[in-house]
Amino acid sequence: MKNTLLLAAVSCFIVSCSSTAQAPKQKDYAKADVEKYMKSITPGDLKKHLYIVAGDEMQGRNTGEEGQKKAGKYLIEQYKKDGISYPKGATSFYQPVPSSFMMRPFSPKLGDSENIWAYIEGTEKPDEVLVISAHYDHVGMKNGEVYNGADDDGSGTVALLEIAQAFTQAKKDGYGPKRSILFLHVTGEEHGLHGSRYYSENPLFPISNTIADLNIDMIGRRDDAHKDNGNYVYVIGSDRLSTDLHNINEDANKKYTKLDLDYTFNDVNDPNQFYYRSDHYNFAKKGIPIIFYFNGVHDDYHQPGDKPEKIEYDLLAKRAQLAFVTAWELANRENRPVVDKK
């Protein structure tokens, strides 16, 4: 009888200790060293990735072609190295986008392609999802010459890798994002925003649960309007649907990155109409608040001169850091941004 009681006591103690050891340790997010994670996004890491993603061997990453698929495999390898998986509810890192979906009159036929997605599940509000997007396609090769697309949009593509890695480091320290984050590399942007349109019409997570899209498309260079000072980024669309989102981005920049936020192209009457010309627009059409981060056009836009050696990696890092700290606030604040405008 005594031995039975002793064994029972020991068993209870072991179970109790095991339960205590497995219980997740709650941390005060107000004490998180956000700047440390932000600074893990470095010019050197971005450069390492971009020389591969926008290298000649990727053949300009034309939609559905061998070079784009090779670039996609590289992205997936990096997510796996960082311990980041594909989203809950998916069976792989790929969301297939069929050729038939991308057909347009008088346009060349595109091959079957894929969006690529990676995912960090939220700790407190996992059903609410922040999307961070960039397109990983470019225009391919012409007359045997590679159009590398280092800025457009190799810069946004590698920024996503580094932002995801920064969130993963925070998660390891006990500060996993409270909301889920979907890192979405979309295809077919250059031919008509096809990949983001496909996702918005076939979302893995309900559109109503998507709190915002931060879209990063060309953040590695500067335009003629800022040739004497590269400490800027164009911000487009932040206030079109949500005053909250606009203020969150402004406050994050004031606290951490201190870039000059240029709203020139956010003017509804701006003739360039960039608000309608990148992947965020397919989210905005669904009523999801968006921000489009952009460095403006330059002489090498859609030209073979858009090569990795022309990227200003310190600027690329700082702009990616702004996207990260804005994403941090969106993922961890108490309430999702309110949509207060049509």
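User: How many bridges join strand S8 to strand S10, and do they run parallel or antiparallel?

Analyst: Strands of a sheet pair through backbone hydrogen bonds, either parallel or antiparallel. Here S8 (residues 232-236) and S10 (residues 290-294) run antiparallel and are joined by three bridges; two strands pair if DSSP finds at least two bridges between them. Val235, for instance, has Tyr293 of S10 as its bridge partner. Helices (H or I, at least four residues) and strands (E, at least two) are DSSP runs, numbered from the N terminus. This is a predicted model, in which local features need pLDDT of at least 70, side-chain atom pairs count only at pLDDT 80 or more, and totals for chains, interfaces and linings use all residues. Residues are numbered from 1 along each chain as its sequence is written, and side-chain values use heavy atoms, with hydrogens and water left out.

User: In what order do the eight strands form the open sheet?

Analyst: The order is S1-S2-S6-S3-S7-S10-S8-S9, with mixed pairing. S1 (94-97) and S9 (260-262) are the edge strands, each pairing on one side only.

User: Which strands does helix H7 touch?

Analyst: Contact means heavy atoms within 4.5 Å. H7 (residues 243-257) packs on the sheet and touches S8, S9 and S10. The direction of H7 makes about 45 degrees with that of S10; such angles run from 0 to 180 degrees between N-to-C directions, and axes are lines fitted to C-alpha atoms, for helices over the stretch in contact.

User: At what angle do helices H4 and H5 pack?

Analyst: H4 (residues 66-81) and H5 (residues 150-172) pack at about 10 degrees, their axes 10 Å apart. H4 is therefore roughly parallel to H5, a term for angles under 35 degrees.

Methods
Parallel < 35°, antiparallel > 145°, perpendicular 65-115°, else oblique.
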